[in-house]
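Look at the fold below with its sequence alongside.

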Amino acid sequence: MTLELCVLASGSAGNASIVRAPSGVLLIDAGIGPRTMAERLAGTEVDLDDIGAVCLTHLDRDHFSPTWAATLLRANVPIYCHVNKVGALSARVPELARLIRSFDSRTFMPLAGLTCEPVRFAHDTLGSHGFVFDGFSYRIGYATDLGHVPCAFFDRFRDLDSIALESNYDPQMQAASTRPEFLKRRIMGGRGHLSNLQALAALRRLLDRARRLPDHILLLHRSQECNCPHLVRRLFETDPRIASRLTLAHQDERSPWLGRANRSVYTGEQLAFAF
Ligand SMILES: [Zn+2]
């Protein structure tokens, strides 16, 4: 068995994903409460007690819910949080202080045999972090709330086995929405979220430079008000390298398990894009 990714919730009403490794289960963000997560996990063969560590991208309410405190304390689950947010997290939920493990720009190991390399993103004032998980001969990149795509993304997310990237809004729907102007500016101003076009451009550039193509491309954090799944599919499926690997994450529905794909039928395609 190798690494597998499953998104349980994705969007501004709550984000949570799990990485399943032979050595345990890692939770990326805890933006839905434990009760909702337990329901969402039904049928996956994973339950809340299996969670061995939590990695937080940042502390916005849709990425961390304080309702997790009792569950995490009971099982002594370490919470990995960037060093510049440790103060804010302990201030918000003081009883969690003993579980917090800070990370900086260096790779750390949240579960045995699984390393996590943080990648910094410019989201709001304190920023957010993406992660590259590497272990058991599989590598998964997870990037949400980017603001804009930094150069580091193209180096660190290259040649991964699975890639999860946010594709938050359609610019025309955003402009036409009834949201206040300050909010539109925050979202679109380079420290908020990626549009569909920005996410597609980033993926295409990443795949142009790839020596091999990933098993899966997963799109995260789609706005319910300013985006549309059909439009996202139509847009991303214009690139055949993306079309055959595309999964859309949803707010209220979990994704399939995404892991090693049997891609022997795509060998020709893999070679065609190799250099
Ligand atoms: Zn968010």
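Is Ala176 buried or exposed? With a relative accessible area of 67%, Ala176 is exposed (buried means under 20% relative accessible area, exposed over 50%, partly exposed in between, with a 1.4 Å probe and protein chains only). Ala176 belongs to helix α5 (residues 171–176); helices (H or I, at least four residues) and strands (E, at least two) are DSSP runs, numbered from the N terminus. Along the chain Ala176 and Cys226 are 50 residues apart, and their C-alpha atoms are separated by 8.6 Å.

The model is predicted, so local features need pLDDT of at least 70 and side-chain atom pairs count only at pLDDT 80 or more, while totals for chains, interfaces and linings use all residues. Residues are numbered from 1 along each chain as its sequence is written, and side-chain values use heavy atoms, with hydrogens and water left out.

Axes here are lines fitted to C-alpha atoms, for helices over the stretch in contact, and angles run from 0 to 180 degrees between N-to-C directions.

Several of these elements also contribute to the largest nonpolar core, which has 30 residues. Such a core is a set of buried Ala, Val, Leu, Ile, Met, Phe, Trp, Tyr and Cys residues joined through side-chain atoms within 4.5 Å. Leu27, Met37, Ile51, Trp68 and Leu96 have the most contacts inside it. At least two residues of this core come from each of β1, β2, β3, α1, β4, α2 (69–74) and β5 (79–82). Leaving aside neighbours within four places in sequence, Trp68 is in contact (heavy atoms within 4.5 Å) with residues including Leu27, Met37, Leu48 and Ile51. Another core lies apart from this one and has 26 residues, among them Ala143, Phe154, Ala202 and Leu206.

A second open sheet has seven strands in the order β7-β8-β9-β10-β11-β12-β13, again with mixed pairing. Here β7 (108–111) and β13 (246–248) are the edge strands. β7 runs antiparallel to β8 (residues 114–121), joined by two bridges, and Leu111 stands opposite Leu114 in β8. Helix α7 (residues 196–208) lies across β11 (162–166) and β12, at about 155° to β11, whereas α8 lies across β12 and β13, at about 165° to β13.

The zinc ion is coordinated by Asp62 (OD), His63 (NE2), Asp145 (OD) and His221 (NE2), at 2.1 to 2.3 Å. Donors are N, O and S atoms within 2.8 Å of the metal (3.2 Å for Na, K and Ca); water is not among the atoms, so sites may look incomplete. In sequence the donor residues follow the spacing D-H-x81-D-x75-H. Asp145, in the loop between β10 (138–143) and α4 (151–156), and His221, in the loop between β12 (216–220) and α8 (229–236), are 76 residues apart and link distant parts of the chain. Asp145 counts as buried because its relative accessibility is 1%, and His221 is buried at 2%.

Notes
Two strands pair if DSSP finds at least two bridges between them.
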